[in-house]
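Could you take a look at this one with me? I jotted down a few points as I went through the model.

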Amino acid sequence: MIKKTTAFYVVLVGSLASFMAAYTSNAVTMALPELARVFHLSNILQNWTINLYLLTMAVLSVPFGKICAQKGLKKSFFYGALVFFIGTAGIIMAANTEMLLLFRFIQAIGSAAIFVSSVSMIVKAVPNNQRGRALGINIASVYIGLSLAPVLGGILTYNFGWESIFAITLPVSFIVVVLTYLKIKEEWKLDADDPIDIKGSIFYGIGISAFMYGFTELHTLTGQAITAVGVIFLIIFIYYELKQKYPIFNVRLYKNHKFLSSNIASVISYISIFSVSTIINYHFQYILGWNAQMTGLILISMPVMQAIVTPQSGKLSDLINPQKLSALGMGLATIAILILTTMDDSTSVYIIIIALMIGGVGYGLFSSPNTNTIMSSVPPNETTMASAAVATMRVIGQTLSIGILTVIFAFVMGNVAITPSVYPQLGESCHLALICSTILGVISVLASLVGMNSNDKLNTTQR
C-alpha cells in the first residue's frame, strides 16, 4: 500500500485531476440535446462541442511534455488545475455559443497540463515496485471519468440542467489545487537548461490541427485538402525533429517497438471505443425517446466494471507481460462492440448492458498495462515525453473517434437537426460507426500482440 508520503499525495491529486479532466471531456455528451436546444446547435456543431476540447489537448500535449519537464512537474500540474478551474467556472456562466466554446478552450488548456504532468509525477514519485499499481489507479481514474461521465452527466442534466455537469467539478478542482500546494513540496525538473523547440512546436501544432479538423470535414473537398495539409506538416515535423539536438518531442523513442506498438494500440483503441457511449446515448435519447437520466443509468454498466478491473490489471502488469494483458483486454472490448453492432430499436436492454459490462472488463484489462508498457519502455529522462505520448494518443484517438462518427453523420444524414424524420438515418449511422469500431478494435489487439513479440526490453528500475 502506498503510504501517506509525497508519493501518496501525488497519486491522489493526479488521479482526482485526471478523473475530473476526463469526465469533463465526455460528460457533455449527455447534455448535447439540451445544449442544441439552448444554443441552437446542428448535429455537426454538437459534436464540435466535444472536438474543440479534444483538439486543443492534442495540439498542446506534445509541447507541454517538454515545457512541463523544464518548468517543473508539480508547478505545471498546479497551474493546469488552476486554469481548469477558471475554464469550468466560465463555461457555467456562458451566455452564448462563443463564450461556451471560449471557456471550453481554456478548460482544455488546463486539462492538457494535468494529463501530461500527472503521469510523469507518478513515475518520478512512486517506487518502481509500485509503479504499475500507481499508474493503474491513475489510469483507472481517467477511464472511469470517461465512462462514468455519461451516467453523472445524464442524471445531472435531467435533474439540474446542463450547467450542473460542470459545476460539480469546481469543488474537486479546488481541493486538487489546495492539496498540491500544501502537501507536495518536492519538485521534479528534467533538462531544465535545454532550449524549447519553437519551430517544432509550430510544425506540430499546424499539422495536428489541420489533420484533425480536416478529418471531421472529410466529406467535403475542403476537408480533404486540409487533412492533406495536416499530413504534410506532420511529416515535416517528424523530419525536423530527427535533426534536432533538443527536440520538442523525441520521435526516436518510436524506434523501441514496444513503445511504438503500445502507442498504436492506444490510439486505435480510443478511436474504436470512445464514440460508443455517444452512439448509445443517441440511440436511447433520440430513437427510443428515453431521458438523459435513464440513459445514464444504463451506461453505468461499463465504468463499474472498469473501476473493479483497472487497478488490478495495473498491479498484474508489474508481474506478467503487460502487452499480453493489453491484447486480452482489447479482445474482450472488441467482442463487446461486435455485440452492439446488432443493436436496433427492438434489442433488449439486457443485451446492451451485458455488452457494456464485457467492454468495461476488457478495457479495464487493456488500459493500465498498455500505459505501463509505454512508460516503462523509455529511459528515465524521457518520462515526460512518454507521458505526453500517452495524453496525445488519448486525445487524438478520442477526436478521430468522434470525427469518424461526424463524417458518417454527414454522409448519411447531412448537416441537419436531429428530428424524428431522420431517426432511420441516425440508426444507420450508428450501426456503421459500430462496425468501424469493431474493425479498429481488432487492429488494436494485433498491435499489442506484435509488440509482445518484440525483443526490446522494458525498463523496470526507473523512479
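Here are my notes on a pocket and on a pair of packed helices.

1. Before anything else, keep in mind that this is a predicted model.

2. Start with the largest pocket, which holds about 390 Å³ of space. It is lined by 15 residues, and those closest to its centre are Y204, L234, I238, Y254 and M393. If you want to find the spot on screen, those five names are a handy place to begin.

3. Which elements give two or more residues to that lining? They are α9 (198–216), α10 (221–242) and α17 (383–412). Of the elements, α17 gives the most, with five residues.

4. The lining of the largest pocket also draws on two domains: domain 2 (197–247) and domain 3 (250–454) each supply at least three residues.

5. Now to the helix pair. Two packed helices are described by the angle between their axes and the distance between the axes. For helix α11 (residues 257–273) and helix α16 (residues 349–376), the angle is about 145° and the axes lie 9 Å apart. Their crossing is left-handed.

6. Which residues meet where α11 packs on α16? From α11 come K258, F259, S262, N263, A265, S266, S269, Y270 and I273, while α16 brings Y363, F366, N370, T373 and I374. By class, this contact has seven nonpolar, six polar and one charged residues.

Technical notes: Residues numbered from 1 in each chain as written. Predicted model: local features only at pLDDT ≥ 70, side-chain atom pairs only at ≥ 80, totals over all residues. Heavy atoms only, no water. 1 Å grid on protein atoms, 1.4 Å probe; cavity = no way out; pocket = protein on both sides within 12 Å on 5 of 7 lines; lining within 4 Å. Points joined across faces, edges and corners; volume = space filled by probe spheres on them. Helix = DSSP H or I, 4+ residues; strand = E, 2+ residues; numbered from the N terminus. Domains from an automatic or database assignment. Axes fitted to C-alpha atoms, helices over the stretch in contact; angles between N-to-C directions. Left-handed = near helix turned anticlockwise from the far one by under 90°. Contact = heavy atoms within 4.5 Å. Nonpolar A, V, L, I, M, F, W, Y, C, P; charged D, E, K, R; others polar.
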